Amino acid sequence: MDNYGSIKKSSSNSSKPKKNMKEERQPLLIGEHHESETLPPHVTAMTPDNAVINLEYPDGGDEYDPVLNRNLAHPTSNLDTMIHLLKGNIGTGILAMPDAFRNAGLAVGFFGTLLMGIVCTHCMHMLVGCAHELCRRTKVPSMGFPEVVGAAFETGPEMLRKHSRLVKTLINIFLCITQLGFCCVYFVFVAANLHDVIKHYFIDLDVHWYLLMLLGPMILLNWLKNLKYLTPVSLFAAVLTIMGLVITFFYMLQGLPNVSTVNAFSSWSQLPLYFGTAIYAFEGIGVVLPLENNMKTPQDFGGWNGVLNTGMVIVACLYTSVGFFGYLKYGDLATQGSVTLYLPPNEILAQSVRLMMAIAIFLSYGLQFYVPMNIVWPIIRDRLDSEKSQVIGEYVTRSILVIVTFALAAAIPNLGAVISLVGAFSSSALALIFPPLIEIITFWPDRLGKHYWMFWKDIAIMMFGIAGFIVGSYVSMENILHPEI
């Protein structure tokens with residue numbers, strides 16, 4: 001189902017008229033929140049229990065193809081999409097991979113990270129495939145993550161349709177928790193790296209003072225309301241990230257010890273912490289649909305050598321390399337949640353990496369913050385009457401959300417523990433639990449493959465995700481509350 005079964009190779013030669021829909025998808029990390037219901041007005045017919053809604057198209061034409069009905073003002077090329085996909089997946093998680101490997105062991109971490117990458121990429125394919133199927137049923141050109149879940153329940157078996165609003169809200173809640181969790185990690189990451197640099201050259205202050213000093217600049221940065229103003233900032237942050245990773249590899253690959261000096265397998269009690277950090281690192285499930293929706297040639301997104309697989313192979317190889325060589329180099333010292341904190345403090349080049357990565361992550365905060373703001377603000381805006389109150393209310397809402405992430409970061413300034421908790425609790429739900437559930441509901445009951453192989457495959461992925469969600473969240477909380485154990 002890599003090509004999602006709905007995309008024609010060329011839309012220019014099609015005789016099917018396009019809808020007049022001038023719209024531009026947000027290019028990164030933003031779900032589409034329509035003011036209307038999940039389904040258009042013509043999708044209202046009741047059907048027997050356990051049946052899937054099957055529409056007759058009022059225009060009498062061929063089966064609706066969502067791709068042919070997208071009319072984008074500024075579609076993205078394959079290269080643009082690839083860059084956005086890499087930027088959406090590569091963040092603080094990659095720098096925490098040595099800590100993840102320490103909790104898993106060198107061999108388990110190596111094969112486990114590759115396996116995690118395969119499973120997460122497959123779930124991304126599932127999400128896009130279901131989105132195309134549901135777009136055809138409901139005759140809309142594109143959907144975001146919450147709309148896909150809502151449409152799956154609303155057009156699925158009768159007993160599930162009444163829960164469509166609930167699950168759509170649940171997805172929005174998990175998206176908010178995930179992105180605000182990322183923002184907390186960003187706060188702690190920047191403060192920890194600044195602390196190490198200033199401690200070495202000037203004065204040793206507690207990390208909480210750095211968090212407090214960052215609060216004002218973070219609030220001002222997030223008063224920017226339009227993503228286009230963040231584009232040059234994001235580009236500069238991407239350049240700094242690349243430079244920082246290159247220099248980090250330069251240090252990691254020097255004087256590597258023998259693999260026998262580290263554990264091939266750590267312990268069963270530490271594996272949940274590995275799961276949380278690894279699933280946090282594969283944080284790109286939220287970018288997949290917005291990116292595919294905005295492509296000039298979305299048929300190139302899927303497939304064995306498509307944009308998604310190519311990008312995720314690069315991501316998985318980078319994660320595995322940083323984790324493998326970082327743990328091999330620093331061993332059991334890799335406990336702080338960022339490989340930059342292990343670089344030699346007496347070398348200016350190493351200190352420059354800390355500063356570069358701190359600045360890059362600081363400038364990337366606004367992009368992660370945009371998602372929860374885009375979900376929370378419309379709810380608050382509808383309760384404000386005048387235009388002036390809405391303008392003031394938006395600035396207040398932005399400031400409060402930043403202060404919330406600051407308070408959480410100050411309460412838990414343990415970078416590795418926060419990363420593991422965010423990954424186990426929210427990232428696992430979005431990346432491993434909801435996509436297979438959506439696929440089962442979307443193609444129930446007679447399109448789940450011979451002998452229901454798709455059903456059993458999806459159940460296995462869900463069980464893996466649920467186990468990681470429960471055990472990983474519990475162990476991460478224990479690690480936060482009792483870090484000495």
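I'll start with T405, which is buried, at a relative accessible area of 0%. Buried here means under 20% relative accessible area, exposed means over 50%, and partly exposed is in between, with a 1.4 Å probe and protein chains only. The model is predicted: local features need pLDDT of at least 70, side-chain atom pairs count only at pLDDT 80 or more, and totals for chains, interfaces and linings use all residues. Residues are numbered from 1 along each chain as its sequence is written, and side-chain values use heavy atoms, with hydrogens and water left out.

Back to T405. T405 sits in helix α14, residues 387-411. Helices are DSSP runs of H or I with at least four residues, strands are runs of E with at least two, and both are numbered from the N terminus. Which side chain makes a polar contact with the side chain of T405? That of Y365, at 2.6 Å. A polar contact is a pair of N or O atoms within 3.5 Å; within protein, one must be able to donate a hydrogen and the other to accept it, and residues adjacent in sequence count only if both atoms are side-chain atoms. Setting aside neighbours within four places in sequence, T405 is in contact with L180, C183, C184, F187 and Y365, where contact means heavy atoms within 4.5 Å.

Helix α14 also holds E394. E394 counts as buried because its relative accessibility is 13%. Again leaving out neighbours within four places in sequence, its contacts are K225, M373 and W377.

Next, the surface. Y201, F202, I203, L205, W209, L212, M213 and I348 make a nonpolar patch of about 900 Å². Patches take residues with over 30% relative accessible area and no salt bridge; nonpolar side chains (Val, Leu, Ile, Met, Phe, Trp, Tyr) are joined within 5 Å, like charges within 9 Å. A salt bridge is a side-chain nitrogen of Lys or Arg within 4 Å of a carboxyl oxygen of Asp or Glu. Helix α8, residues 207-221, supplies the largest share of the patch, three residues. L205 lies in the loop between α7 (164-201) and α8. At 30% relative accessibility, L205 counts as partly exposed.

Finally, the whole chain. There are 16 helices and two strands. Of the 485 residues, 56% are buried. Among contacts with a separation of 6 or more, 85% are between residues 24 or more positions apart. The accessible surface is about 21200 Å², and 66% of that belongs to carbon and sulfur atoms; areas come from the Shrake-Rupley method with a 1.4 Å probe, and for residues only the protein chains shown count as cover.
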